[in-house]
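Morning, everyone. Please have the sequence and the structure open while I talk.

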Amino acid sequence: MPTLYHHPMSTASRFIRLVLSEYGFPADLVEEQTWEKRREFLALNPAGTLPVYVDDNMRALCGPTVISEFLDETHGVLKRDRRLLAEDPFQRAEIRRLTEWFLQKMEQDVTRPLVRERVHKLQIPNGLGGGAPDSKVLRTARNNIRQHMKYLAWLSGSRPWLAGDRLSYADLAAAAAISVLDYLGEIDWSEAPVVKEWYQRLKSRPSFRPLLAERVRGLTPVSHYADLDF
């Protein structure tokens, strides 16, 4: 069976887990602490980043874009109306644009700094960068949430799905990021009713169940995290 090296609070890892589940591809999950810089993991991905997907032939695919494009090229074309990339070139470009937005821009502005300060620093030894959260970093990231939620509200309020008429990689990338922030209790859902309605649809999909059941060691999620009708 293929193996996915991941971290439960990694947006990119969650995105690929959702893609694999939507396409019905099981994979063994191996939680990787990238700060440990394990020799075996670096042999798979010298960049030391997540996720890494190792297929049945022991070939390693590194990074969410590479993995998702590989899965589309090898299997997506056979899924017809369940394909997560559109057939139309312009529509594919829009899906890629939004997927990049949530996996890169939102990750840089919001998700990565919050996860680093609130999760990783609790797990990393002090000598390797662990310790108390930086209040300035937290404040900046929390201010950035508002702009991203406004954009997500516009997308989800003006289209059936974020990139068009069908569920796509864009929705899964955005939902992966939002699920991390929701686990940490960083989203005020009373200010984002349109986004909440969109996210409820994603949370109700079978592919989301493993994420909602998962718990991070030493960090309990907010009470509504696994509630489909929150």
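Let's begin with a term. A salt bridge here is a side-chain nitrogen of Lys or Arg within 4 Å of a carboxyl oxygen of Asp or Glu. Take Glu 40 and Arg 38: their side chains meet in a salt bridge, at 3.5 Å from N to O.

Now, what are we looking at? This is a predicted model, where local features need pLDDT of at least 70 and side-chain atom pairs count only at pLDDT 80 or more, while totals for chains, interfaces and linings use all residues. Residues are numbered from 1 along each chain as its sequence is written, and side-chain values use heavy atoms, with hydrogens and water left out.

Back to that pair. Is Glu 40 buried or exposed? Our cut-offs go by relative accessible area: buried is under 20%, exposed is over 50%, and partly exposed is in between (1.4 Å probe, protein chains only). Glu 40 counts as exposed because its relative accessibility is 53%. Arg 38 has 28%, so Arg 38 counts as partly exposed. Glu 32, Arg 38 and Glu 40 are linked in a network of salt bridges.

Why might such side chains pair up at all? Side chains of opposite charge can pair when their charged atoms come close.

How many salt bridges does a search of the whole structure find? The search finds 16. Let me show you two more.

Arg 83 is at 10% relative accessibility, so Arg 83 counts as buried. Asp 72 is at 0%, and therefore also counts as buried.

Glu 94 counts as buried because its relative accessibility is 14%. Arg 159 is partly exposed, with a relative accessible area of 23%.

Next, the domains. There is domain 1 (1-80) and domain 2 (87-211). Those bounds come from an automatic or database domain assignment. The C-alpha centres of the two domains lie 19 Å apart.

How do domain 1 and domain 2 meet? Contact means heavy atoms within 4.5 Å. By that rule, 20 residues of domain 1 are in contact with 29 residues of domain 2.

The size of an interface is often given as the accessible area lost when the parts come together. We call that buried area: the accessible area (1.4 Å probe) that two parts lose on being put together, summed over both. Domain 1 and domain 2 bury about 2,200 Å² between them, with 63% of it on carbon and sulfur atoms. Met 9, Leu 18 and Trp 35 supply 33% of the area that domain 1 buries against domain 2, more than any other three residues.

Three salt bridges are counted between domain 1 and domain 2. Look at Glu 22 and Arg 205, whose side chains meet in a salt bridge at 2.8 Å, N to O. Which elements give two or more residues to the side of domain 1 that touches domain 2? They are helix H1 (11-22) and helix H3 (64-74). H1 gives the largest share, nine residues.

Pro 125 lies in the loop between helix H4 (89-123) and helix H5 (135-158). Pro 125 is partly exposed because its relative accessibility is 42%. Not counting residues up to four places away in sequence, Pro 125 touches Trp 35 and Gly 130.

Last, Ala 177, in helix H6. Ala 177 is at 0% relative accessibility, so Ala 177 counts as buried. Leaving out residues up to four places away in sequence, Ala 177 touches Thr 11, Phe 102, Met 106 and Thr 111.

Definitions and conventions
Helices (H or I, at least four residues) and strands (E, at least two) are DSSP runs, numbered from the N terminus.
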